Amino acid sequence: MVARVVHLKALLPRAGVTLASLSRRNLNAAKQQSLFSKQFLQVSHYSTEVKKAATYAGAGILSGFTDENAHQLVDVSKVLVIGSGGLSIGQAGEFDYSGSQAIKALKEANKQSILINPNIATNQTSHALADEIYYLPVTAEYITYIIEREKPDGILLTFGGQTGLNVGVQLDKMGVFDRYGVKVLGTPIKTLETSEDRDLFAQALKEINIPTAESIAVDNVDDALSAAESVGYPIIVRSAYALGGLGSGFANNREELHNLASQSLSLAPQILVEKSLKGWKEVEYEVVRDRVGNCITVCNMENFDPLGIHTGDSIVVAPSQTLSDEEYHMLRSAAIKIIRHLGVVGECNVQYALQPDGLDYRVIEVNARLSRSSALASKATGYPLAYTAAKIALGHTLPELPNPVTKTTSANFEPSLDYMVTKIPRWDLAKFQHVKRDIGSSMKSVGEVMAIGRNFEESFQKAIRQVDPSFVGFQGGEFEDLDDALANPTDRRWLAVGQALLHEGYTVDRVHELSRIDKWFLYKLMNIVEMQKELEQIGSLFGLTQDVITRAKKLGFSDKQIGIAVGSKELEVRARRKSFGIVPFVKKIDTLAAEFPADTNYLYTTYNATESDVTFDEYGTMVLGSGVYRIGSSVEFDWCAVSTARALRASGKKTIMINYNPETVSTDFDEVDRLYFEELSFERVMDIYELENAKGVVVSVGGQLPQNIALTLQNNGAKVLGTNPEDIDKAEDRHKFSSILDSIGVDQPLWKELTSISAAEEFAQAVGYPVLVRPSYVLSGAAMSVIRDESELAEKLGNAAEVSSEYPVVISKFIEGAEEIDIDAVAANGKVLVHAVSEHVENAGIHSGDATLVLPPQSLSPEIMARLKEIADKVAHAWKITGPFNMQIIKAQNPENPEVPDLKVIECNIRASRSFPFVSKVLGVNFIDVAVKALEGKDIPEPVDLMKKHYDYVATKVPQFSFTRLAGADPFLGVEMASTGEVACFGKNLTEAYWTSIQSTMNFHLPKPPSGILFGGDLTQEYLGEVAKTISPIGYKLYTTSAEVADYLKQYISEGTEVQVIEFPKTDKRKLREVFQKYDIQCVFNLARARAESLLDEDYVMRRNAIDFAIPLFNEPQTSLLFAKALKENIASKLNQKEDHVVIPEEVRRWSEFIGGKPV
């Protein structure tokens, strides 16, 4: 017996059992491990030979057991993975990352994976990962069809965000899993229900004496008011089963609660009224538990902002910085107790409110699924939570899984970090009219960044620059009332803190009193302030000594920031810094605080070090990622970046990825040879390029950010692959672009750059209104607008601070009723290799990112297609394009020759566009693979005209909006992009494809007759009438809010069909809600001519309340007609479905069946 024990002991350290003694924080884990090893040694029936896996010595560690600890996997062979659908505020790219990880784990285990996700832009929806993919709505109805058709024996619900979780609970209630014998893998449904139903949750935590915020669940407004009386104001309202805090908010009195409760109850069946703990600290723990009860806390995070701001809208640091050891362990023990009691199998996130000056705490919520925070925790620690959770769901236990960072130790460990990270959200609220800028318990941000540093100052300043290149680092901003901005958080609060500390002489105590931000953070920010003042006092480039630059760099100052402080330029500071030999060091993400060698390619740069952890001998090719997700640049570019890296690796190249977005697959360290989690600024990219001696850099697949620095990179010696940045500049610069188009005989709308308001008025009169105006000094934000008359022009340009030679404004003729067309293409040396032509359903004037795209086009003649190809050929040749490019073209009536329409180019981007994944996946040709061959200049394929092929299917790409989240914003579409994501579905024809696509948008409830439909909008056009004419025979009740609209509709519908004028109390939200309920209004068509001027505009009130009451809104003529047509053709099939007899509709087909194989 003794000999055997010795043999095992020899193996145990390598198996990671002794690892947990790494830091005092891991003491509990160590006790757990030693308990485990005792148990392990006491078992008498174990085999003498412990099986060893090739890479990880502990893989066979469980073969000694015969009880529940033995290696026993769940018996499944085909697993259905539920995706999260279109990206929206509160549910974004993090689920592409977690779903991709889960599918990787299934692949390794030789399980067949079936994925349902209509988000065509994601990495997970490609055959490189999932075996079969369905682009269909993530609803109980469609999932049932897929289960009936595919007969899976397992299902994963926790990798598709709140959408996946909600639909899973619903399917379970419907008895679908029992009926088809589908096993729910990982966390059981009962646990999901407990964590989501606030009453059950509070009760469960009471059983183990864990304090929760006292709350009362109610399902109507009167009960909410009486609950508030017993709890006491101030109150926070939360809705159950809602995503990202949707429908929640604070109320200080009866009236505020009344309004809030009535809105929240329209979004969720049940709400919670609880006491507000505003001003307490907010802390989160990410916990993992396997089926036998091994638990670890992988990461704990602390919010820079006090409680009261949704964690998705908070600045967050990891690991926590201000907790005492006692507080840390108290919350860690509670988290493990909770996850064991609830029975989570996999990953879980626990959110706490912690008293700032005592040991009192409350559990705010538990997410028994992968969440945004778990994506952040994975990237912050290098511990792949989603992958591990999927392995656990298949039945693995933690001790038998390897730690992916060391590859030789166990995954049953708690990371201890020798660095810290800061996450800052990115908001795009300036893009919306009437939107409220305050942030609170309901999330509004569209993306987030994560920065790694060796101290808070370094990581905080890096993160600020990542949010937007216009920020140089910690800085101030203009505020009318600074105290108010500090006390009442908005998306600009960190700027208010900067203004107070840097420019207004506020003390730390004063800022703390107003903002309740912990003083520890404020004192750290004061270090930056003091450095800034020291630099300003130096005041010249030559006053910068080696010591000063080194100290500034250690606090996260950029060259540009130092340059501004001393009155010099970025490149001069860079040259001086390098003359002193000051360059950043490259460190590995080390999860064991250097106690065991980290074997990882996951890297960051820092000045707080003395040596680099890697040798620079790979000479890789750099790919620049897309940075933070924002409106206009999202997961589509992540697909492009990942596809580029995969294609480069496939051709035998070493790859280097730079990106800083924790929600992405591109920042997954097994996708590339070296991953730098870093800024995409010229300074940082050039530093890494020089350190790595890179062979070249790809700037054309990450959206606009990499393009902006391409020319500077090239001028400083970097080799930019593909189109020359000087040629790229000729497409970005309006004048150069226009004159080249003229020289090659390609048409464009009339335009002029003007330097005075009077000149603008003259031009508009000469070409005729409407005109499109874009002030050239606005970087994103509400820049462009269509102007219909002189008074509007004066108002718009009057708002622009000044129109002068320094701030010119570009005006072009806006062509009404024109059709818009997108061309996506790849060229090599000026010759087009592949191209795709997608047509917009909407007329021109709606941003292409908000438009519904149709591919292959359904209404363009062969002559038009040939002319479009000719334009693409001419443009590729003129700009000498090598790599991806995209053009937007409008097709308009030519008054002189009606037979031959005009084709005018309105924009050309010499980079991959947001529709690249869509066209690649619809046509079955990966455009990025073709582009990489062009960039490398080898094995370039022969040109193929994909548009001449015959396709017996159509796909439509439909925008996903997040207006629900943006209280007050007018859901009206125009030239500024407003959507946060997209979905796409296939069909045998346009209406079938659109029918499933529109149902795939989030929370779309199909209106079924005899429910009511409300009409409003522009009566000078026939669109509204045509919609009514199409759907009135189906049996809906038709309503309007004015006699005028009713009379107009009666001209279009058959006699005897009633149109009822209903009361419409514009200013009373509660009464409005009652009106919508009374008439059972389930859909709104509001085709207004222009955006609302005032909040009392009837059309605005109609649009906004459709959004607030979660009712489908159609606000654009062409899509309204298309939906009306789809309803007419398809609604009967929905009404005839019977519970016991499932008839699978035609549109339920695999992607590979539509495109005939798995080429992408």
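Colleague: How many helices and strands does the protein chain have?

Modeller: The protein chain has 38 helices and 38 strands. This is a predicted model.

Colleague: What makes the radius of gyration agree with a compact globule?

Modeller: Set the value against the rule. With 1160 residues, a compact globule would have a radius of gyration near 32 Å. The protein chain has 30 Å, so the two agree. The C-alpha atoms fill a box of roughly 100 × 75 × 65 Å along the principal axes.

Colleague: What share of the residues counts as buried?

Modeller: Of the 1160 residues, 64% count as buried. The cut-off is under 20% relative accessible area. The accessible surface of the protein chain comes to about 41400 Å², and 49% of this belongs to carbon and sulfur atoms.

Colleague: Why is Met443 called buried?

Modeller: Buried means under 20% relative accessible area. Met443 has 4% relative accessibility, so Met443 counts as buried. Met443 is found in the loop between strand E15 (420-426) and strand E16 (447-453).

Colleague: What is phi of Arg516?

Modeller: Phi of Arg516 is near 60°, a positive value in a residue other than glycine. Lys151 is not a glycine either, and has a positive phi of about 50°. Lys151 is found in the loop between helix H4 (140-150) and E4.

Colleague: What makes the buried residues of helix H27 line one face?

Modeller: Start with the list. In H27 (residues 757-767) the buried residues are Ala760, Phe763 and Ala764. Seen down the axis of H27, they fall within an arc of 100°, so they line one face of the helix. The face turned away from that buried side carries the exposed residues Glu762, Gln765 and Ala766. Just after H27 comes Gly768, with a positive phi of about 90°.

Colleague: What makes strand E10 mostly covered?

Modeller: Nine of the nine residues of E10 (residues 281-289) are buried. In a regular strand the side chains alternate between the two faces of the sheet. Lys281, Val283, Tyr285, Val287 and Arg289 point one way from E10, while Glu282, Glu284, Glu286 and Val288 point the other way, and all are buried.

Colleague: How do you know that E10 pairs with strand E13?

Modeller: Pairing needs at least two bridges. Nine bridges join E10 to E13 (residues 346-354), and the two run antiparallel. In E13, Ala353 is the bridge partner of Glu282. E10 also pairs in the antiparallel sense with strand E11 (residues 295-303), over seven bridges. Here Thr297 of E11 is the bridge partner of Val287. The hairpin of E10 and E11 has five residues between the strands, and in it Gly293 takes a positive phi near 100°.

Colleague: What makes helix H13 mostly covered?

Modeller: Eight of the nine residues of H13 (residues 385-393) are buried. Among them are Leu385, Thr388, Lys391 and Ile392. The buried residues of H13 pack against several elements, including helix H3 (94-108), E10, E11, E13 and helix H12 (372-381). H13 is followed by Gly395, whose phi is positive, near 110°.

Colleague: Which strands are the edge strands of the open sheet of seven strands?

Modeller: The order is E31-E30-E27-E28-E29-E32-E33, with antiparallel pairing. Strand E31 (902-909) and strand E33 (981-987) each pair on one side only, and these are the edge strands. The twist averages 25° from one strand to the next.

Colleague: How many bridges pair strand E32 with E33?

Modeller: E32 (residues 954-960) and E33 pair over seven bridges, in the antiparallel sense. Phe986 in E33 is the bridge partner of Ala955.

Colleague: Which helices pack on the sheet?

Modeller: One is helix H29 (residues 862-878), touching strands including E27, E28 and E30. The direction of H29 makes about 135° with that of E30. Helix H31 (residues 927-936) also packs on the sheet, and its direction makes about 40° with that of E27.

Definitions and conventions
Residues are numbered from 1 along each chain as its sequence is written. This is a predicted model: local features need pLDDT of at least 70, side-chain atom pairs count only at pLDDT 80 or more; totals for chains, interfaces and linings use all residues. Side-chain values use heavy atoms; hydrogens and water are left out. Buried means under 20% relative accessible area, exposed over 50%, partly exposed in between (1.4 Å probe, protein chains only). Helices (H or I, at least four residues) and strands (E, at least two) are DSSP runs, numbered from the N terminus. The arc is that of the directions from the helix axis to the C-beta atoms. Axes are lines fitted to C-alpha atoms, for helices over the stretch in contact, and angles run from 0 to 180 degrees between N-to-C directions. Contact means heavy atoms within 4.5 Å. The radius of gyration is taken over C-alpha atoms; the globule rule is 2.2 Å times the number of residues to the power 0.38. Accessible areas come from the Shrake-Rupley method with a 1.4 Å probe; for residues, only the protein chains shown count as cover.
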